[in-house]
Amino acid sequence: MALKPRITESPQVRLIDLKSKPFFIVASLEVGNTTTKSILTATNMDTGRTHIINKVVRMTRDVRPPRPEETVFGKTLTGVELTREAVAELVRSTLTESLERASLDVKTDLNFVVRSTGVVAGFDSPEEVGEFIKALADGCLMAGVPPKNMTPPMSISNISKKFQKYSKLEKVIFDGAVAGVLPPIGSTGVEIVANEMEGELATAGIKEAAKLTDVDFRNPCISIDFGTTLDGRITNSDQPYAKTVGNFCGYAGAIPDAIIRGSKIVDSKVGTALEVFEKQKPPSFLTLKMKAKAIEEYARRIHELIIIEKVPKDRKRYGSVPVRPDAAEQIGVTLIGCDVGKNGTDMGKLSAIGMEICKTYGLQIVYAVIDEVMAGVVCRLIKVAKEERLIFEDTTIGITGRAGITGNKPKLILKCLEEMNLAPRIDERVVFVDDGLARGAAVMARCMNSLGSPQNPLGGRHGGKCILAQRIKLQEK
């Protein structure tokens with residue numbers, strides 16, 4: 001029985017419907033290490049389905065350089081320096097372009113904005129992320145977003161008339177749980193891993209996108225987001241809210257980026273795999289068969305440089321992401337990390353192998369090796385989760401992000417998960433999602449506004465019903 005990857009694609013939506021039907025329109029603004037995106041989503045409140053209206057993607061490295069009077073508060077993984085003002089301008093122009101393309105008005109059509117960042121690797125502490133989030137808010141305000149569209153409403157009268165009948169705000173308030181999962185709160189309240197918010201959005205986004213497939217992706221679940229940095233969550237099956245019992249951190253897309261930088265096709269400092277493979281045809285079945293031995297051997301050599309483990313207690317940074325493994329342990333959260341050397345010290349060795357593959361076999365084989373390597377990373381992460389007893393008999397797995405869903409990766413991932421004997425018919429438990437983060441932003445905005453669709457729930461347990469009644473009970477206490 002061949003395994004069939006379930007890969008979600010978003011159905012299109014027409015402007016006339018956006019204007020006439022109860023579509024809740026959300027902009028997800030994300031400044032990542034590689035790309036800065038403004039993705040507009042529209043959720044039909046009658047059906048609970050989310051459509052992606054459009055996405056505007058820019059390279060983060062094209063942010064303007066700091067001016068003499070500005071303070072640099074962080075840099076991307078490739079060392080591009082960022083100031084609050086420069087980030088705000090980048091956000092403003094990306095958001096404005098995406099609204100113009102959709103013929104939507106920032107004041108009257110846009111209902112909410114959710115901002116997030118993956119550029120935490122260059123920061124010294126989780127607290128510095130706050131400064132970055134403020135820069136994103138500055139950019140939104142400069143683009144004309146009303147401040148009320150960036151924070152949860154205090155009462156139902158703060159929600160626009162059109163959506164009041166869909167809001168459960170009078171029954172249940174936003175208490176920090178998104179799509180039925182509580183975030184891990186450290187003993188000091190400081191996040192235990194700097195990109196936890198990315199993990200939260202990715203988990204919610206995968207839950208929403210899984211509605212387009214036959215996979216019931218509710219708790220317990222594992223979500224893995226392979227952007228440039230790795231993030232994601234492992235949840236248990238507690239009711240009404242599942243707890244976050246695991247978090248992923250470290251490198252993800254940065255691994256293929258390092259391999260491709262050795263090829264000299266992209267900039268050796270800030271080049272990314274994204275630029276090459278958008279133009280490159282994937283290798284044919286015949287090529288893969290003939291070169292299978294070489295591909296396997298290169299993948300094995302690369303895996304020897306990649307460390308995947310439970311994050312050791314003494315680390316302050318893992319895969320260049322600020323972490324607090326001690327605080328995590330106190331609240332029962334396991335951190336699982338992916339590193340190359342120690343905080344990327346062996347990235348150069350990956351580039352050297354990339355150069356060798358390219359010289360000997362050419363780009364198509366680099367492509368194939370990267371697919372093999374990233375599928376192996378997924379399986380090794382899941383293996384550690386299994387060893388740490390974080391996988392339950394009905395756990396579902398969701399994967400999003402460029403380094404996890406492109407090329408031949410979904411098929412290879414299913415193949416190696418099947419070999420791990422996690423469950424019969426593993427393909428019915430795994431979903432691959434485009435833009436998990438943006439979809440997660442749409443879910444987050446709905447949760448903040450208590451806009452639910454009980455007939456099509458995201459929260460709750462695998463196979464179970466909506467948790468609204470349990471939530472109301474919990475909040476009455």
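Guide: Let's start with Asp-326 and Arg-324, whose side chains join in a salt bridge at 3.6 Å, N to O. That term means a side-chain nitrogen of Lys or Arg within 4 Å of a carboxyl oxygen of Asp or Glu. Asp-326 is partly exposed because its relative accessibility is 38%, and Arg-324, at 25%, is partly exposed too. The cut-offs are simple: under 20% relative accessible area is buried, over 50% is exposed, and partly exposed is in between (1.4 Å probe, protein chains only).

A quick word on what you're looking at: this is a predicted model, where local features need pLDDT of at least 70 and side-chain atom pairs pLDDT 80 or more, while totals for chains, interfaces and linings use all residues. Residues are numbered from 1 along each chain as its sequence is written, and side-chain values use heavy atoms, leaving out hydrogens and water.

By the salt-bridge rule the count comes to 30. One of them ties Asp-435 to Lys-55, with 2.2 Å between the closest N and O atoms. This pair links distant parts of the chain, 380 residues apart: Asp-435 is in the loop between β17 (430–433) and α15 (436–448), and Lys-55 is in strand β4 (residues 49–59). Those labels are DSSP runs numbered from the N terminus, with helices (H or I) of at least four residues and strands (E) of at least two. Asp-435 is buried, at 13% relative accessible area, whereas Lys-55 is partly exposed, at 36%. There's also a network of salt bridges linking Arg-6, Asp-214, Arg-425, Asp-427 and Glu-428.

Glu-297 and Arg-300 form another bridge, at 2.6 Å from N to O. Both are in helix α9, three residues apart, or about one turn of the helix. Glu-297 is partly exposed at 37%, and Arg-300 is partly exposed at 40%.

While we're on α9, look at its partner. In α9, Ile-295, Tyr-298, Ala-299, Ile-302 and His-303 meet residues of α12 that include Ile-365, Val-369, Glu-372 and Arg-380; contact here means heavy atoms within 4.5 Å. The residues of this contact divide into nine nonpolar, two polar and two charged. For those classes, Ala, Val, Leu, Ile, Met, Phe, Trp, Tyr, Cys and Pro count as nonpolar, Asp, Glu, Lys and Arg as charged, and the others, Gly among them, as polar.
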